[in-house]
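This briefing covers charged side chains and their pairing. Please read it with the structure open.

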Amino acid sequence: MGGIDVLRWFIAFVFLTIPVHAADEQVVLGLSQDRVAITADFDGSEILIFGAVKREAPIPPGPPLEVIVAVAGPSEPVMVRRKEKKFGIWVNTDSVLVDSAPSFYAVATSAPFTDIITDTEDLRYRISIRRAIRSVGAAMHIREAQNFARAVVRIREDEGLYSIRENTVAVDEQTLFRTSIEMPADLTEGDYLTRIFLMRNGEVISQFETVIDVRKVGLERFLYNMSRQQPVWYGLMSLVIAIAAGWGASTAFRLLREN
């Protein structure tokens, strides 16, 4: 066995025999519900997220434990267009495809966001709203390309789809935590990734992930499936319903006038 082979064997032996310790503090999570049903009269939902911190040793000294909760809806590409006024009318000038943007994104924290996480950790785990959006790049001729991703954030914040809620996670005795995430009525169907981060000294010491299932049910599910799988029949049915509604309204007004 050559010297290089011996060295490789020794390194492998050392790494395999070093004991791997679990994190000193781990998340034990609970959800008020792990499934949201979108029905015809759905007007939003509130998810209660609560949990505890499991420890193998006493609470370490130093800054207190902080908690960040992030809930992200399904991600998809978004085409963003810039409009400019030319000759008295607004026209589309430039467009950029933002590679991936969550349909819903909410972050809840136990303290001001920038006080409990470093920018390096935020970049590593992509927790903040601006980090959750991925935009690889735009054509060279497009000026201020970064503003297109900011536009997505601004628009969805105005619609209530993106939010950061500082000081909304209650932490008791550095062991129990709880918060609630409000989900709007116009949710996109799919899996909503829920991540919980335990923070100390601006660094992530433990994280936990789970999924909230958001699905259409009942009539909403039937119409949604029909529009995707049988678009011709869906269009004909919509036309018949529109004609019937118009005829019914006309008949009702005529009877009211006669009486």
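**Charged side chains in a predicted model**

E66 lies in strand β4, which spans residues 66–72. The model is a predicted one. By the distance rule applied here, the count comes to 9 salt bridges.

- E66 is buried yet has no salt bridge.
- The nearest side chain of opposite charge to E66 is R200, 8.3 Å away, whereas a salt bridge needs the nitrogen and the carboxyl oxygen within 4 Å.
- The side chains of E66 and S110 are joined by a polar contact of 2.5 Å.

- Side chains of opposite charge can pair when their charged atoms come close.
- D119 and R130 form a salt bridge through their side chains, at 3.0 Å from N to O.
- D119 belongs to helix α3 (residues 119–125) and R130 to helix α4 (residues 129–132), so this pair ties together parts that are 11 residues apart in sequence.
- D119 counts as partly exposed because its relative accessibility is 44%, while R130, at 54%, counts as exposed.
- A network of salt bridges links D119, D122, R130 and R131.
- R178 and D172 form a salt bridge with their closest N and O atoms 2.8 Å apart.
- Both partners are partly exposed, R178 with a relative accessible area of 42% and D172 with 32%.
- In the salt bridge between R215 and D213, the closest N and O atoms are 2.6 Å apart; R215 counts as partly exposed at 27% relative accessibility.

**Negative surface patch**
- E157, D158, E159 and D186 gather in a patch of negative charge on the surface.
- E157 lies in helix α5 (residues 146–158) and counts as partly exposed, at 38% relative accessibility.

Note on methods:
Residues numbered from 1 in each chain as written. Predicted model: local features only at pLDDT ≥ 70, side-chain atom pairs only at ≥ 80, totals over all residues. Heavy atoms only, no water. Patch = residues over 30% accessible without salt bridge, like charges linked within 9 Å, V, L, I, M, F, W, Y side chains within 5 Å. Areas by Shrake-Rupley, 256 points an atom, 1.4 Å probe, with all protein chains shown as cover. Lys, Arg positive; Asp, Glu negative; His and termini not counted. Charge placed at Lys NZ, Arg CZ, Asp CG, Glu CD. Helix = DSSP H or I, 4+ residues; strand = E, 2+ residues; numbered from the N terminus. Buried < 20%, exposed > 50% of the residue type's maximum accessible area, 1.4 Å probe, protein only. Polar contact = N/O pair within 3.5 Å; in protein donor to acceptor, adjacent residues only side chain to side chain.
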